[in-house]
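This briefing covers a ligand site, a pocket and the salt bridges of one structure. Please view the sequence and the model together with the notes that follow.

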Amino acid sequence: MPVHDPENTCSTRTLSSEADAVETEKHARTRHDMHGQWPRAESVQDFRDNLLAVRKRIEQACERAGRDPSSVRLLPVSKTMDEKHIRLAHEAGCTLLGENKVQEAWQKAQAMNDLTDLKWSVIGHLQRNKARVVARFASEFQALDSMRLAVELDKRLLAEDRSLDVYVQVNTSEEESKYGLALPDVIPFLEQLRGCDALNVKGLMTLAEFTRDEARIRACFVRLRELRDHILDLEPGGYSPHELSMGMSGDFEVAIEEGATVVRVGQAIFGARSLPDEYFWPGIKGENR
Ligand SMILES: *Cc1c(COP(=O)(O)O)cnc(C)c1O
């Protein structure tokens with residue numbers, strides 16, 4: 001490992017300052033059939049009702065899996081939703097919100113900085129030149145997928161005297177369009193992350209394959225869990241990241257059955273988005289949903 005390559009190595013505080021056809025039965029337990037059809041939440045009560053319904057589904061999935069519901073964190077995802085709706089969600093109890101695009105998140109954070117307990121989690125692909133923005137305000141970043149980005153984030157965080165909880169994004173579906181590290185690259189990546197003092201590596205994050213086929217969705221979640229378990233055995237770079245961020249409105253129950261500790265849920269709480277998923281994940285085949 002090129003320890004002195006400043007592009008690819010985090011400087012530590014102590015060492016240096018530089019630092020798809022669908023069969024109905026198969027997806028009976030996914031909710032991809034709801035895609036784009038969730039009713040819009042328009043009042044605090046709507047949000048309370050939706051949150052309660054999602055929590056109930058989380059509990060039921062936990063029960064099936066013999067898990068404690070407190071081991072699953074619900075991350076509401078507010079991307080594309082306007083300030084008015086976010087304020088309603090906040091009043092209903094949402095204090096950490098997921099946003100896919102950093103610029104959108106930053107604008108919302110500024111517009112709602114009067115809500116002092118409101119924190120932001122950036123869950124979408126980040127370009128290196130926007131690392132500075134994330135370093136400034138985010139409390140969590142779930143799409144870490146390159147060393148250059150890690151180094152840049154670390155540097156900017158040190159400058160802000162901040163730290164950031166991060167999740168390494170893993171491509172478990174092998175779809176070319178998807179972001180994230182290939183499975184075999186994750187352990188070496190964790191080793192390289194050693195020294196990024198400002199990054200608290202909490203776990204792994206993935207998006208399942210865009211399909212209604214539950215077996216294929218489940219296989220993605222299983223891959224992530226097995227990788228996490230392998231990492232816990234090896235502790236590469238000294239890291240033992242326990243968290244598994246997997247599952248969205250259409251598939252979070254399956255994810256919980258397979259070990260998810262964080263589920264990222266947008267539409268089942270906020271209602272359907274007007275922007276198609278292709279906007280966030282260029283290249284995905286919409287007909288497979
Ligand atoms: C939008 C988004 C979600 C939530 O998707 P929903 O279908 O609204 O639940 C989860 N993860 C990421 C990375 C997202 O961009």
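Which polar backbone atom is 2.8 Å from an oxygen atom of the ligand? In this predicted model, that atom belongs to Gln267. Taken alone, the ligand exposes 390 Å², of which the protein buries 99%.

**Ligand surroundings**

- The ligand is surrounded by 13 residues, and the closest are Lys79, Asn100, Ser249, Gln267 and Arg273.
- By class, this shell consists of six nonpolar, four polar and three charged residues.

**Polar atoms at the ligand**

- Ser249 places a polar side-chain atom 2.6 Å from an oxygen atom of the ligand.
- Arg264 has a polar side-chain atom that lies 2.8 Å from a nitrogen atom of the ligand.

**Second largest pocket**

- The second largest pocket holds about 200 Å³ of space.
- Its lining comprises 13 residues, and those nearest the centre of the pocket are Lys101, His125, Leu126, Gln127 and Lys130.
- Six residues of this lining are nonpolar, five are polar and two are charged.

**Salt bridges**

- Side chains of opposite charge can pair when their charged atoms come close.
- With a cut-off of 4 Å between a side-chain nitrogen of Lys or Arg and a carboxyl oxygen of Asp or Glu, the count of salt bridges is 15.

Definitions and conventions:
Residues are numbered from 1 along each chain as its sequence is written. This is a predicted model: local features need pLDDT of at least 70, side-chain atom pairs count only at pLDDT 80 or more; totals for chains, interfaces and linings use all residues. Side-chain values use heavy atoms; hydrogens and water are left out. On a 1 Å grid over the protein atoms alone, a cavity is a set of points where a 1.4 Å probe fits but cannot get out, and a pocket is an open set with protein on both sides within 12 Å along at least five of seven lines; lining residues have an atom within 4 Å of a point. Grid points are joined across faces, edges and corners, and a volume is the space filled by probe spheres set on the points. Ala, Val, Leu, Ile, Met, Phe, Trp, Tyr, Cys and Pro count as nonpolar, Asp, Glu, Lys and Arg as charged, and the others, Gly among them, as polar. A residue is near a molecule or strand if one of its heavy atoms lies within 4 Å of it. A polar contact is a pair of N or O atoms within 3.5 Å; within protein, one must be able to donate a hydrogen and the other to accept it, and residues adjacent in sequence count only if both atoms are side-chain atoms. Accessible areas come from the Shrake-Rupley method with a 1.4 Å probe; for residues, only the protein chains shown count as cover.
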